[in-house]
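Here are some notes to read beside the model. Please keep the structure open and look up each residue as it comes up.

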Amino acid sequence: MESFGARLHRAVAERGPLCVGIDPHPGLLARWGLSDDVEGLDRFCRTLVDALGDRVAVVKPQSAFFERFGSRGVGILESTIRQLRNCGSLVLLDVKRGDIGSTVSAYASAYLDPSSPLYVDAVTASPYLGVGSLAPMFELATAHGGGVFVLALTSNPEGAAVQRAVTADGRTVAQTVIDEISQLNRGADPLGSFGLVVGATISETGHDLSGVHGPLLAPGLGAQGASAADLRTVFGSSVSAVLPSYSREVLHAGPDVAALRTAVDRVRAECEAALAGA
């Protein structure tokens, strides 16, 4: 099966470097004039499939905003995933899972096994039980052409206490994560299937991302404070591997489909210019 890295590389070449998050929190549903219930969630997601499915390389639903409605909300998530993939978008499910043994294997099966109703192209994962604990995710992703984006340097201020802590060998915790993911991507062509999450708001990272050879998901753009121009500051010589991610900056343009598409076109053009050095 074709690797996720190869599929992502092609999707970005065809549709541009952009990931859009689907974050149906109560305030956003209200902004769209929708009820904060399963019916409002369903209308919200159907609108976004119509607006984004055929023009965005990667769409990133945040699982928690669906799970809060119980089984009916998860059912809408399953349907939204299928619809987006049928439209040609890659789906990155933002679940930030991490565990050990049979539990992490079950998470892997839930999201990265094609027989699962929640099967997606890639997931986010937390490495703080050790990067090696995520091996079942990496293995199932490799077997079925999936991807895993591992948290490395996040934008939230609380993250630094853990991520920038120095280990016995002098590297930060984040650098050990970066280095282990880099090893997983060795020899991949044109791009590895294992990526990192590095917030776009953190300014210069002080970390070496040059050997990752995988995608670098950059959340925090737009309404969360970072601009496309900040990407070169954060990622430096590794900027060509960046997948910029917007949520509210795009979603606030809804519920009008045309306005959502205009917002997508605008932020994608800004990212293309920034990543090209214009």
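1. In this predicted model, 52% of the 278 residues in the protein chain are buried. The accessible surface of the chain is about 11200 Å², and carbon and sulfur atoms account for 51% of that area.

2. The protein chain contains twelve helices and eight strands. Its radius of gyration is 18 Å, close to the 19 Å that the globule rule gives for 278 residues, so the chain is as compact as a globular protein of that length. The C-alpha trace spans about 55 × 45 × 35 Å along its principal axes.

3. On charge, the protein chain carries 22 positive and 29 negative charges.

4. Next, the interior. In soluble globular proteins, nonpolar side chains tend to be buried together. Here the largest nonpolar core has 75 residues, and those with the most contacts inside it are Phe-44, Val-148, Leu-196 and Phe-235. Helix α3, which covers residues 38–52, gives the most to this core, with eight residues.

5. Most residues other than glycine have a negative phi, and most peptide bonds are trans. The peptide bond from Asp-189 to Pro-190 is cis, with omega near 5°. Pro-190 lies in the loop between α9 and β6, the latter being residues 194–198. Another cis peptide bond joins Gly-254 and Pro-255, where omega is about 10°. Pro-255 is in the loop between α11 (248–251) and α12 (257–276).

6. The other point concerns phi. Lys-96 is not a glycine, yet it has a positive phi of about 50°. Lys-96 is part of strand β3, residues 90–97. Is Lys-96 buried, exposed or partly exposed? Its relative accessible area is 40%, so Lys-96 is partly exposed.

7. His-213 is not a glycine either, and its phi is positive at about 55°. His-213 sits in a loop, the one between β6 and β7 (216–221). At 37% relative accessibility, His-213 counts as partly exposed, because that value falls between the cut-offs of 20% for buried and 50% for exposed.

8. Last, a loop residue. Where is Ala-165 found? Ala-165 is in the loop between α8 (160–163) and α9 (173–184). It is partly exposed, because its relative accessible area is 29%. Leaving aside neighbours within four places in sequence, Ala-165 is in contact with Ala-160, Arg-171, Thr-172 and Val-173. Ala-165 and Gln-175 are ten residues apart in sequence, and their C-alpha atoms are 9.9 Å apart in space.

Key. Residues are numbered from 1 along each chain as its sequence is written. This is a predicted model: local features need pLDDT of at least 70, side-chain atom pairs count only at pLDDT 80 or more; totals for chains, interfaces and linings use all residues. Side-chain values use heavy atoms; hydrogens and water are left out. Helices (H or I, at least four residues) and strands (E, at least two) are DSSP runs, numbered from the N terminus. The radius of gyration is taken over C-alpha atoms; the globule rule is 2.2 Å times the number of residues to the power 0.38. Buried means under 20% relative accessible area, exposed over 50%, partly exposed in between (1.4 Å probe, protein chains only). Accessible areas come from the Shrake-Rupley method with a 1.4 Å probe; for residues, only the protein chains shown count as cover. Lys and Arg count as positive and Asp and Glu as negative; His and the chain ends are not counted. The place of a charge is taken as NZ of Lys, CZ of Arg, CG of Asp or CD of Glu. Contact means heavy atoms within 4.5 Å. A nonpolar core is a set of buried Ala, Val, Leu, Ile, Met, Phe, Trp, Tyr and Cys residues joined through side-chain atoms within 4.5 Å.
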